[in-house]
Amino acid sequence: MYAVTVNGLRKNYLKNKAGKFVGLNLTPPLDKFEVERGEIFGIIGPDGAGKTTLFRILATLILPDEGSATVEGYDVISDYKKIRNITGYMPGRFSLYPDLTVKENLEFYASVFGTTIKENYSTIEAIYRQLEPFATRRASKLSGGMKQKLALCCALVHKPSLILLDEPTTGVDPVSRKEFWQMLRILSQRGITIIISTPYMDEASLCDRIALMRNGSFMKIETPQKIVESFGEPLYAAKSDDMYKLLNDIRQFGQIKRCYTFGEMHRFTVNGDGFNAVEFAEELEAAGHANIKVVPAKPTVEDCYMQFAEKDDE
């Protein structure tokens, strides 16, 4: 039995000015998916993609308009009480009690589920050890990284079999992000199923499988490695002293298929064969660019997302 199954979920809120669907609209062929027990399943997409709506349905906080979903075999509508006892949910916004201390927040959430910190200490031990020096500190006085660790502790204190993490590393420093993911891998190895959403494409490689999400639908569900391997287009990166002008100039060339900013460089793909990076750099230099650099690039999940998004618009 799968930890989570989803089949054709739809949730309609309203339509935006462009007339496009806003909410959740899982359509064939990617209207169904399953999550294995102990798997880290990542949902990758920008704000407004539908990630939070999906999480709130799985957490039994809102009802879908259509479709079905189960958690450990329990239906999200008819068995919502049972699901809440075996699911930990960490929303995107810090939602613990700011005036309570670290220990008081944990004790409160444990009491809600009829348990204690001591009873389930083994589940939260690795995380709680980092919080223990701040046990008497108010939650509002914690750093961003410590707040997220406390929220994760509260989501785990009743020993759930599934945890739903909605953008848990947003606004967290790189060191805390790394520590957070290390903790998630330990939990996964203990058999806890993790569904996590993130707008950070670099975190995709840390998941066992990922779903690329846009406008309420999935564009692709696969392992990060297989998604990158499916890119299938020549990819290049360019840099010059005037990056804004460079972006506009690259887009003017007829052979360019798509061009977008990626870190400190612009990345682009080309139509057809016969593209020569050296000749292209010379053309850009003739157009007034100094210290121009054009080199082949290895695709990442972010490049694949841009490719799928373009196909989705066709």
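**Salt bridges, patches and a helix**

Lys239 counts as partly exposed, at 32% relative accessibility; buried means under 20% relative accessible area, exposed over 50%, and partly exposed in between (1.4 Å probe, protein chains only). The model is predicted: local features need pLDDT of at least 70, side-chain atom pairs count only at pLDDT 80 or more, and totals for chains, interfaces and linings use all residues. Residues are numbered from 1 along each chain as its sequence is written, and side-chain values use heavy atoms, with hydrogens and water left out.

The side chain of Lys239 meets that of Glu264 in a salt bridge, 3.8 Å from N to O. This pair links distant parts of the chain, 25 residues apart: Lys239 is in strand β12 (residues 235-239), and Glu264 is in the loop between β13 (256-262) and β14 (265-270). Glu264 counts as exposed, at 57% relative accessibility. A salt bridge here is a side-chain nitrogen of Lys or Arg within 4 Å of a carboxyl oxygen of Asp or Glu. Helices (H or I, at least four residues) and strands (E, at least two) are DSSP runs, numbered from the N terminus.

The structure holds 16 salt bridges. In one of them, Arg37 pairs with Glu72, with the closest N and O atoms 2.8 Å apart. Arg37 sits in the loop between β3 (32-35) and β4 (40-44), and Glu72 in the loop between β5 (66-71) and β6 (74-75), 35 residues apart. Arg37 is partly exposed at 49%, whereas Glu72 is buried at 14%.

Glu179 and Lys149 also form a salt bridge, at 2.7 Å from N to O. Glu179 lies in helix α6 (residues 174-189) and Lys149 in helix α5, so the pair ties together parts that are 30 residues apart in sequence. Glu179 is partly exposed, with 28% relative accessibility, and Lys149 is buried, with 3%. A network of salt bridges links Glu233, Lys257, Arg258 and Glu310.

Buried residues of α10 include Asp303, Tyr305 and Phe308.

Tyr97, Phe108, Val112 and Phe113 make a nonpolar surface patch of about 360 Å². Patches are made of residues with over 30% relative accessible area and no salt bridge, with like charges joined within 9 Å and nonpolar side chains (Val, Leu, Ile, Met, Phe, Trp, Tyr) within 5 Å. Accessible areas come from the Shrake-Rupley method with a 1.4 Å probe; for residues, only the protein chains shown count as cover. Tyr97 is partly exposed at 42%.
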